[in-house]
Amino acid sequence: MGKEFRGTVADHPDFDAGSDAEALYDAMKGFGSDKEAILELIASRSNAQRQEIRAAYKSQFGKDLIDDLKYELTGKFERLIVGLMRPPAYHDAKEIKDAIKGAGTDEKCLIEILASRTNEQIHNLVAAYKDAYDRDLEEDVIGDTSGHFKKMLVVLLQGTREEDDVVSEDLVEQDAQDLYDAGEAQWGTDEAKFIMLLGNRSVTHLQLVFDEYQKIAEKSIEDSIKSELSGDFETLMLAVVQCIRSKPMFFARRLYKSMKGLGTADNTLIRIMVCRSEIDMLDIRECFRLRYEKSLYNMIQDDTSGDYKRTLLKLCGGDDDIAGEFFPEAAQIAYKMWEISAMTKVQLRGTVRPYQNFDPASDAQALRKAMKGFGTDEDTIIDIVANRSNAQRQEIRQTFKSLLGRDLMADLKSELSKNLERLILGLMMTPAEFDAKMMKKAMEGAGTDEHALIEILVTRNNQEIQEMCSAYQNAYKKSLEDAIASETSGHFKRILISLAQGTREEDPADMARALEDAQELADACNADSGDLEDRFMSILCTRSFPHLRRVFQEFVRCSNKDIEQIIKKEMSGDIKNAMFAIVRSVKNQPSYFADRLYKAMKVKVHFYVIHFPQHLFLSRRNKLKQLM
């Protein structure tokens, strides 16, 4: 049984190469050209049909169609249309030729093409390069690259990756151990072992090797590559691993990077849209939505313009910004992502640690001196406060009081102002005092800062929540639960009060129960009873995070849907935000905080960052280097 077609461009029905050739000739004759007709025709024909059109154009009009298109069109639109008219192997050959010609080398282009192509595609590429440029591709790559990067590229250029789907369990275990021994288990790295295994073993085999490696190393192969390798060689090996895991997800990442931020990497965007439109664009679209919570269609629409945009959107084939069923590839990826999240031990590490040779009396005296007289030595205050752990800061507060008979917090408040005052005072509080103050601030006045309430209650553990509730009672003579009840309402109130109990289960995942919970959530999505929020709350607000990772993984299997997209589609307002925050925090809490920090600084500086040095800043994927 043949593999299901996953592209967005297929053979056009009732195809007539001669008629299409004549239509293109008419679109380009005379003054100006009918770009709409050109893009509509070319983007709706398969590459094989385009080659027939090109041959018919030559025989009917005695002219080369690509030459005429280059003459009539300009800029990015011309590059896109001409790229579509080339056979895939010749398009790859042209991209690689452009990547290595001139003074510099476009290593990312080399990596993308050679890491992602099949053996057959590599062989066709090498032949096309020889035919088009009368040069040997391997020799040109060797002449333009160096070191282990060059060696791996040469291995990939052979197009000899094993293609047998029959896997030996013993060899899987041996290869995983060999990779571990070549990197994590020794001083230095045996790069040759990485090159041999990752450059030659079959896709199916390596997927199992990566799973086994995770068990041995208690970290992903990607994390090991990042710590063991460097430069272009590291980037290449990561690309190989990503393509082994999922080519659609690899290309989704490349497309996102090509369009994010200021400017667009149009060469990358054009290359991928041209090369994958007949292979796996449907899966790329779904992986894009899964990873970035935005459709590829909408990002192209926002980032490009004119005929160029219209052609790209036609190749994209549709908008996925609706929650719904996963495509098969994306469902497998989502399931795997949750499995990796459940298996990986995330080491949370702060950036502020106990200061060596700590002397609270000396620090207290230095702070007093920094605030005496006319003016304030803010640099000294920052240097001391930001370089002491929270426990040490509490000792300084006590010593300042006993040694000098003054309240350090009151002195700091009188000497500092605005954001610096808020930041330093926040650092000087205990985490529980700070959280209590943030909760109070979020609920005081005319409006309520629901995002702050959600962030704190979703991310704190039971002990932290209980200590915060105690601090809130001591500071404001009112229970936090009563305050929440008076400032919020409905299901949102119930969610916050549930979280504020600080009684979330702390047990490891129970697989049998996880399956039951996943089915309960899936049934809630399909029911018309109107109790979706209640059923989600009963599980998401009470189960342990390790357990919920397994629940969300099995939810994909039970429903073929994405838990995050379901929340976004079926819920609204503060309830949606709270549930979404729980899922994001369960998936990867450092990543959730990184997103919050980005949004805070994108709009305005939000000083909740104070709480985090005591808890986390570095994770397996998000490394925030410093507090400030």
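Visitor: What should I know before we start?
Guide: This is a predicted model, in which local features need pLDDT of at least 70, side-chain atom pairs count only at pLDDT 80 or more, and totals for chains, interfaces and linings use all residues. Residues are numbered from 1 along each chain as its sequence is written, and side-chain values use heavy atoms, with hydrogens and water left out.

Visitor: How many salt bridges does a search of the whole structure find?
Guide: The search finds 38 salt bridges. A salt bridge here is a side-chain nitrogen of Lys or Arg within 4 Å of a carboxyl oxygen of Asp or Glu.

Visitor: Which residue forms a salt bridge with Glu184?
Guide: The partner is Lys219, and the closest N and O atoms are 3.1 Å apart. This pair links distant parts of the chain, 35 residues apart: Glu184 lies in the loop between helix H11 (169-182) and helix H12 (191-200), and Lys219 in the loop between helix H13 (203-217) and helix H14 (221-228). Helices (H or I, at least four residues) are DSSP runs, numbered from the N terminus.

Visitor: Is Asp411 buried or exposed?
Guide: Asp411 counts as buried because its relative accessibility is 9%. Buried means under 20% relative accessible area, exposed means over 50%, and partly exposed is in between (1.4 Å probe, protein chains only). Asp411 meets Arg406 in a salt bridge of 2.8 Å, N to O, and Arg406 is partly exposed at 31%.

Visitor: And where are Asp534 and Arg494?
Guide: Asp534 and Arg494 form a salt bridge of 3.0 Å, N to O. Asp534 is in helix H33 (residues 532-540) and Arg494 is in helix H31 (residues 490-500), 40 residues apart, and the pair links distant parts of the chain. Asp534 is partly exposed at 29% relative accessibility, and Arg494 is partly exposed at 39%.

Visitor: Which residues are joined into one network?
Guide: Glu95, Glu112, Arg254 and Arg271 are joined by salt bridges that share partners.

Visitor: New topic: which residues are buried in helix H10?
Guide: In H10 (residues 147-157), the buried residues are Phe149, Met152, Leu153, Val154, Leu156 and Leu157.

Visitor: What do the buried residues of H10 pack against?
Guide: They pack against helix H7 (107-116), helix H8 (119-133), helix H9 (137-144), H12 and helix H15 (231-245).

Visitor: What follows H10?
Guide: H10 is followed by Gly159, whose phi is positive, near 60°.

Methods: Helices (H or I, at least four residues) and strands (E, at least two) are DSSP runs, numbered from the N terminus. Contact means heavy atoms within 4.5 Å.
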